[in-house]
Amino acid sequence: MARLALVRTTPSEMAEAAEGYISRGWALIPFSPTSKNPHFEALPLSEDGTGTTWKPLATNKATSETVKGWLEHDPNVNLGVICGQASGIIIIDTDKPLRWPIEYLTPTVKTRRGYHYYLQTDRPYKSMVIKSKTGEAYGELRAEGNVTIIPPSRHVETGQPYEWVDGLSITDLPLQRINQNLLNTLVKLNPKLNKIELIEDRRALRARKNILPCSHPARSYDPETDSRVEKSIPYLEYLQDPRVAITIMQAIGVKVERIGQAFLCPIHKGEKNPSAALYLPHDQGFITMHDFHTGEFVPLPDLYAAHIKGKYEPLGAGERALWWIRCLVDLGYIDYPRLLARPLPESAPESAQALYAGFTKLLGIRKLYNADQEATPFSWRFAAGWCNLSNRAIQEGMGWLLTHGFMHKVGATTSRTSLFALKPAEAEPQKSSTEKATGGRRAFKRYGVKVYSRNTQKGPRIDHRRARDGLNNPLRL
Ligand SMILES: [Zn+2]
């Protein structure tokens, strides 16, 4: 049968639609017209130059000019949106149409097979699979870390457009706000659906949208100047900027608008009276939180770490530097060299996904110290805090990543601290002559200490461990 050649959405239609989305504050990304992936060629190079990534577009949003650039690069480019905080939206994606409560009618897109229900949010929620009562996947709740192809893009296989449903377009009616009530009503109306529970994503910060500009404009990673950051307190200049300090405090849920203003101490919860304040020394010092309870001056990186970890503990100098960079990265003040880690299969447990994301971020942040660094210590204790996971989840996730060959142990420091690295696909490293001569053990300097690499030709090995046996755990640093 002669099929009509489907006319692609014209670049000008695409540009016009993009302008509408941009005016709503949506963070757009280019999608490939031939695969369901982002259009990597149209994206800027990642900072380490090894590939491209859409992640920076979550904070540094595409403008109409940016979109025009994509369309010039490829007139057939499709458009996508970054879900979650970046755009303030959450999308419910189901293959079968849902019976939707009339009081919650919201802009809806017809896709090739199903529907995308667009909702608004000003809080970060975790993306998740929506399941049926029998446990099968029924759809997806697309929030933090997710992207979705949007109208008037065309489906890669059929050429069918993604279209707003008549009368339910983004210009026809406002987006409904997602809440547990709406989800409960959906479950009631669609008896096949299992309960859908909104889970807040504490890692994606509520205050991201309210980031105050600092006297140093947000900056991208510069290999020339950033490859060796000072270890004591890197990027100290940000810690001297009141606007950055206030943004950090707001990000961790403290209500404060100026230096010196007293607020409820985030460490000692349950107080009714203001019990802490930001303190800016008059000399060359940096801003800290003066805790009236203890009289101590608490560094902001420690407070940020406590917010992510869910508990306060003073940090050692090395960890403080990492958390400080992480804080600036999370809030969008600085960027870091991103690593193109191999994607995990969908079957990977959530613990592995979260651990992998955290580990990759840590490696990228560590590269700010030393661009050549490919391995990092990653103790259970540290990983649990860094990824906000329980010890059990760390155990499960780490076990999965090691046995499935996504991470491997590459050595240990002289203090028997294990070093982990991303494992390349089908890693089959050739033994160098030195390695042969030393039986695969090679001493080299790392972190300023002598390190012995393990023979990486041995597959990853997980020693048997007893449950709750933290101390004898081979993965423990
Ligand atoms: Zn306190």
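**Helix geometry and packing**

A: At 1.5 Å a residue, helix H1 (residues 11-23, 13 residues) should span 18 Å, and its end C-alpha atoms lie 18 Å apart, which agrees. The expected span is 1.5 Å times one less than the number of residues. Helices (H or I, at least four residues) and strands (E, at least two) are DSSP runs, numbered from the N terminus.

Q: What kind of model is this, and how are residues numbered?

A: This is a predicted model, in which local features need pLDDT of at least 70 and side-chain atom pairs count only at pLDDT 80 or more, while totals for chains, interfaces and linings use all residues. Residues are numbered from 1 along each chain as its sequence is written.

Q: Which residues of H1 are buried?

A: Met-14, Ala-18 and Tyr-21 are the buried residues of H1. They cover an arc of only 60° around the axis, which puts them on the same side of H1. The arc is that of the directions from the helix axis to the C-beta atoms. A residue is buried if 20 or more other C-beta atoms lie within 10 Å of its own, exposed if 12 or fewer, and partly exposed in between, with C-beta atoms placed from the backbone.

Q: What covers those buried residues?

A: The cover includes strand S1 (28-31), helix H2 (64-73) and strand S2 (78-82). Contact requires two residues' C-beta atoms, placed from the backbone, to lie within 7 Å.

Q: And which exposed residues does H1 carry on the face turned away?

A: That face carries Ser-12, Glu-13, Glu-16, Gly-20 and Ser-23.

Q: Turning to H2, which residues are buried there?

A: Val-67, Trp-70 and Leu-71 are buried in H2. Viewed down the axis of H2, its buried residues fall within an arc of 95°, so they line one face of the helix. The buried residues of H2 pack against H1 and S1, while Glu-65 and Glu-72 are exposed on the other side of H2.

Q: Is Arg-326 buried or exposed?

A: Arg-326, found in helix H7 (residues 317-330), is buried, with 21 other C-beta atoms within 10 Å. Its C-alpha atom is separated by 9.5 Å from that of Trp-386, 60 residues apart along the chain.

Q: Where does the pLDDT stay under 50?

A: pLDDT, the predictor's confidence in each residue from 0 to 100, stays under 50 over residues 1-5, for which the model has zero contacts beyond four places in sequence. Over residues 427-477 the pLDDT is also below 50, and this stretch has 58 contacts beyond near neighbours in sequence. Where pLDDT is low, the predicted coordinates should not be read in detail.
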